[in-house]
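Colleague: I would like a close look at a single part of this model. Please keep to the aromatic side chains and what surrounds them.

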Amino acid sequence: MSQMMLENESFSPYLSFSRNEWASLYSADIQPLTEWEISELQGINENVSLDEVSSIYLPLCRLLNLYVTSSQQLHQQSNAFLRKQIKKPPFIIGIAGSVAVGKSTTSRIIQALLSRWPNTPKVELVTTDGFLFPNAVLEQKGLMGRKGFPESYDLKGLIHFLSELKSGKRDVEAPIYSHLEYDILPDRVQTISEPDIVIVEGINVLQVPKQKRNKQTPQIFVSDFFDFSLYVDADEEEIKKWYVERFKILRNTAFQSPVSYFHRYADLKDDDAIQFALNIWNTINGLNLRENILPTKYRAHLILEKGKNHSVSGIKMRKM
């Protein structure tokens with residue numbers, strides 16, 4: 001199906017909502033998050049308001065809760081039909097989008113809100129950054145300049161992790177990535193123990209392998225394990241601006257640490273920092289967005305459309 005048809009609601013499998021239409025779908029008497037909590041959850045150059053949480057994230061999390069509740073009820077009914085007591089595997093939510101689009105903030109807010117529902121008290125968040133190959137491996141493969149592209153990820157490891165989650169394994173481990181050190185932490189793991197919901201966030205979660213495979217080899221995609229998926233969208237020019245702004249802030253904060261991989265850029269002047277960030281965007285992040293990330297947008301169940309200042313201006317939801 002062409003992109004033009006996808007964006008024409010008469011033919012599109014998606015329903016479109018303006019911000020006000022979406023906000024009217026659900027409201028709560030009590031604001032579940034305080035301004036301080038939101039400030040702890042948002043990204044470096046984002047400013048998520050209480051109104052944004054009420055208008056966008058509360059309706060979204062109510063919708064997700066409906067999906068989770070339905071899944072739990074179906075599992076109970078299936079157990080009764082099969083006359084077995086099989087423990088329900090976690091409900092898995094995939095969240096995709098470009099570097100710097102704000103998907104990490106979206107993921108953290110959703111995690112905080114969903115954990116307040118009585119039937120899903122344990123909500124875990126895993127980022128696919130942990131499944132990047134270590135820098136030593138990327139250097140050996142000549143892929144340091146392609147970090148973030150599909151070939152830089154341990155896809156087999158990520159699929160194995162998701163398979164263990166869906167199999168109902170009690171404790172499942174994921175590698176941990178340090179943005180400060182720009183590498184996998186070799187002696188640390190994140191242990192996921194019997195969660196109700198797992199949010200899997202990353203630029204690559206809706207991608208499918210491009211390489212040709214043996215026809216007899218079954219193809220398994222990361223998204224096959226998702227019960228629901230979101231794509232955080234914005235115009236590329238806006239994302240590029242957010243990326244440059246974030247780089248400038250990091251230059252004066254995280255990059256100042258001697259252990260930071262980017263410490264060498266901590267003393268760049270404003271013009272030099274902007275040019276350096278733009279070069280990274282044009283040669284790596286922007287290219288990756290156009291070639292590998294943006295084409296996966298319409299594989300998502302729901303698309304959050306961002307305007308200026310990271311504010312969500314509209315929502316597209318796949319028709320049921």
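Which ring does the charged end of Arg264 sit over, and how far is it from the ring centre?

Modeller: This is a predicted model. The charged end of Arg264 lies over the ring of Tyr261, 4.8 Å from its centre. Tyr261 is partly exposed, with a relative accessible area of 27%. The structure has 13 aromatic pairs. In one of them, the ring centres of Tyr261 and Phe262 are 5.2 Å apart and the planes meet at 80°, so this pair is edge-to-face. Phe262 has a relative accessible area of 15% and is buried, the cut-off being under 20%. Tyr265 and Phe276 make a tilted pair, with 4.3 Å from centre to centre and 35° between the planes. This pair links distant parts of the chain: Tyr265 is in the loop between helix 8 (236-252) and helix 9 (270-293), while Phe276 is in helix 9, 11 residues apart. Tyr265 is buried at a relative accessible area of 18%, whereas Phe276, at 24%, counts as partly exposed.

Strand 4 (residues 171-178) and strand 5 (residues 183-193) run antiparallel and are joined by seven bridges. Within this pairing, Val172 stands opposite Ile192 in strand 5.

How values were computed
Residues numbered from 1 in each chain as written. Predicted model: local features only at pLDDT ≥ 70, side-chain atom pairs only at ≥ 80, totals over all residues. Heavy atoms only, no water. Pairing = 2+ DSSP bridges. Helix = DSSP H or I, 4+ residues; strand = E, 2+ residues; numbered from the N terminus. Phe/Tyr/Trp six-rings, centres within 6.5 Å; stacked < 30°, edge-to-face > 60°. Buried < 20%, exposed > 50% of the residue type's maximum accessible area, 1.4 Å probe, protein only. Lys NZ or Arg CZ within 6 Å of the ring centre and 35° of its normal.
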